[in-house]
Amino acid sequence: MVITTLAHHIDLAWMYEAHRQPRKSGAVGVDKMTAEEYAADLESNLLLLLDRFKSGTYFAPPVRRVEIPKGEAQTRPIGVPTFEDKVLQRAVAMALEAVYEQDFEECSYGFRPGRSAHDALEALWKGLMDMRGGWVVDLDISKFFDSLDHRKLREILDTRVRDGVIRKMIDKWLKAGVMKEGLVERPASGTPQGGVISPILANIYLHEVLDSWFERRVKPRLVGRAFMVRYADDAVLVFSDRTEAERVLTAFEDRCLSYGLRLHPEKTRVGPFRRPPRPPGGGVPGPGQRPGAFDFLGFTHFWAKSRRGKWHVRRKTAQGRMRRAIRAVKVVRLASPPASESPTPVPVKGDCRPLPILRNHRQQHPDRSLPARGPTGLAGVAEPAKPAGEDDLGAVPQACQALSFASGHCLSLGLPSVAKPHLEEPDAVVPHVRICGESRAAESV
């Protein structure tokens with residue numbers, strides 16, 4: 001169904017929601033206006049923006065081009081619109097999402113409400129495990145956001161949205177151009193990557209080029225099983241039959257040419273990703289039986305054995321992304337302070353070094369050799385028996401700690417303050433150690 005009136009849903013409350021969603025700490029556009037400056041008189045600015053949008057007098061400013069690093073000696077161009085333009089783009093994108101979310105296929109996960117890259121990875125894992133692998137077609141469209149055909153996009157939009165206000169605004173954004181080093185360029189194709197309206201336009205374009213074509217025209221004609229997972233312009237198609245995978249890839253290459261797109265010749269490939277068969281005599285599969293691997297969304301997917309010895313799909317960070325992350329780490333060397341500014345050591349009375357934390361009771365203490373575990377080795381830890389006076393109470397916790405490490409039992413220390421009638425010195429205090437629920441005097445402490 002074609003919708004001819006849609007802009008009337010965008011009112012002041014809609015604009016307030018569109019203002020709430022964009023990130024306020026993002027980079028500024030060509031007008032250098034920040035989110036804080038725009039929010040100083042928010043209601044007046046939103047009313048003026050809404051009036052210019054519906055009257056058709058809004059001028060779409062060019063986006064500021066920023067180059068961010070991508071891979072080795074490569075950069076990715078990002079367009080930074082003005083903050084006011086971000087608000088209006090978000091308002092139009094919300095209206096388009098309400099229409100196209102009913103049409104988008106389940107295999108699409110990029111830049112959709114309630115979906116993320118984690119959901120795409122989970123769907124891919126479940127599909128691979130359910131099919132026990134197969135033949136993977138790794139699709140990579142070369143410079144998709146730069147080569148999106150404006151004429152084809154208008155034809156695709158005509159099948160669903162023909163509202164004059166919204167379509168006129170979309171045309172202004174497509175023709176706004178890019179400003180780099182003070183010069184404005186107006187390309188005949190593409191949409192700035194980084195704009196708020198670009199993801200929804202890309203999903204609408206790829207829904208027609210790939211999603212609906214694969215789900216409604218390709219899958220019903222296949223003999224084997226197949227599924228697809230797409231996130232933005234990256235897609236993975238999995239087939240149970242190699243011949244069908246190669247045929248679909250060839251057909252999609254021809255389809256991309258008719259829409260002004262081109263597949264990357266090196267990154268697009270067909271590869272095996274089947275679960276390794278069980279060797280006749282057990283053990284590890286041979287070199288010819290080992291499974292392949294592929295990259296998707298920054299992760300390398302491969303087959304591995306679980307703790308129970310069953311094959312399952314695992315993923316790890318892709319090698320290229322790991323190298324970039326390691327290369328981005330900056331090593332900062334701290335210069336040693338001069339001798340005159342070196343901190344004066346604090347005098348310590350006696351041996352007050354803290355005991356290092358031991359992982360378990362079997363680990364040996366670095367400063368003392370503990371006896372073997374068990375109650376028979378407790379006698380070697382304690383010192384010769386003597387009455388514990390007031391000056392010796394500080395050594396009792398250290399001895400009890402050594403007892404606990406040596407025996408592996410839980411010890412609790414009690415220091416009774418009453419005199420014992422059987423002692424020679426009535427004022428002496430005897431520490432008590434409780435081992436496994438039995439309370440007895442620590443004769444050897």
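The model is predicted, so local features were taken at pLDDT of at least 70 and side-chain atom pairs at pLDDT 80 or more, while totals for chains, interfaces and linings use all residues. Residues are numbered from 1 along each chain as its sequence is written, and side-chain values use heavy atoms, with hydrogens and water left out.

Helices (H or I, at least four residues) and strands (E, at least two) are DSSP runs, numbered from the N terminus. The axes of helix 7 (residues 150–158) and helix 9 (residues 198–218) come within 10 Å. They cross at roughly 80°. Axes are lines fitted to C-alpha atoms, for helices over the stretch in contact, and angles run from 0 to 180 degrees between N-to-C directions. Helix 7 and helix 9 are therefore roughly perpendicular to each other (65 to 115 degrees; under 35 is roughly parallel, over 145 roughly antiparallel, the rest oblique). Helix 7 contributes Lys 152, Leu 153, Ile 156 and Leu 157 to the contact (heavy atoms within 4.5 Å). Helix 9 contributes Leu 201, Ile 204, Tyr 205 and Glu 208. Tyr 205 also belongs to an aromatic cluster, together with Phe 144, Phe 145 and Tyr 259.

Four strands form an open sheet with mixed pairing, in the order 2-1-4-5. Two strands pair if DSSP finds at least two bridges between them. Strand 2 (75–80) and strand 5 (183–185) stand at the edges, each with a single partner strand, so one side of each lacks a neighbour in the sheet. Neighbouring strands are turned by 40° against each other on average, direction ignored. Strand 1 (residues 63–69) runs antiparallel to strand 2, and six bridges join them. Val 66 has Ile 78 of strand 2 as its bridge partner.

Rings of Phe, Tyr and Trp (its six-membered ring) pair if their centres lie within 6.5 Å; planes under 30 degrees apart count as stacked, over 60 as edge-to-face and the rest as tilted. The count comes to 10 aromatic pairs. Tyr 38 and Phe 83 are edge-to-face, at 5.5 Å centre to centre and 65° between the planes. This pair links helix 2 (residues 35–39) to helix 4 (residues 83–100), 45 residues apart in the chain. Tyr 38 is buried at 1% relative accessibility, and Phe 83 is buried at 5%. Buried means under 20% relative accessible area, exposed over 50%, partly exposed in between (1.4 Å probe, protein chains only). Phe 111 and Tyr 231 form a tilted pair, at 5.9 Å and 40°. Phe 111 lies in the loop between helix 4 and helix 5 (117–131), and Tyr 231 in strand 6 (residues 226–231), 120 residues apart. Phe 111 is partly exposed, at 44%.
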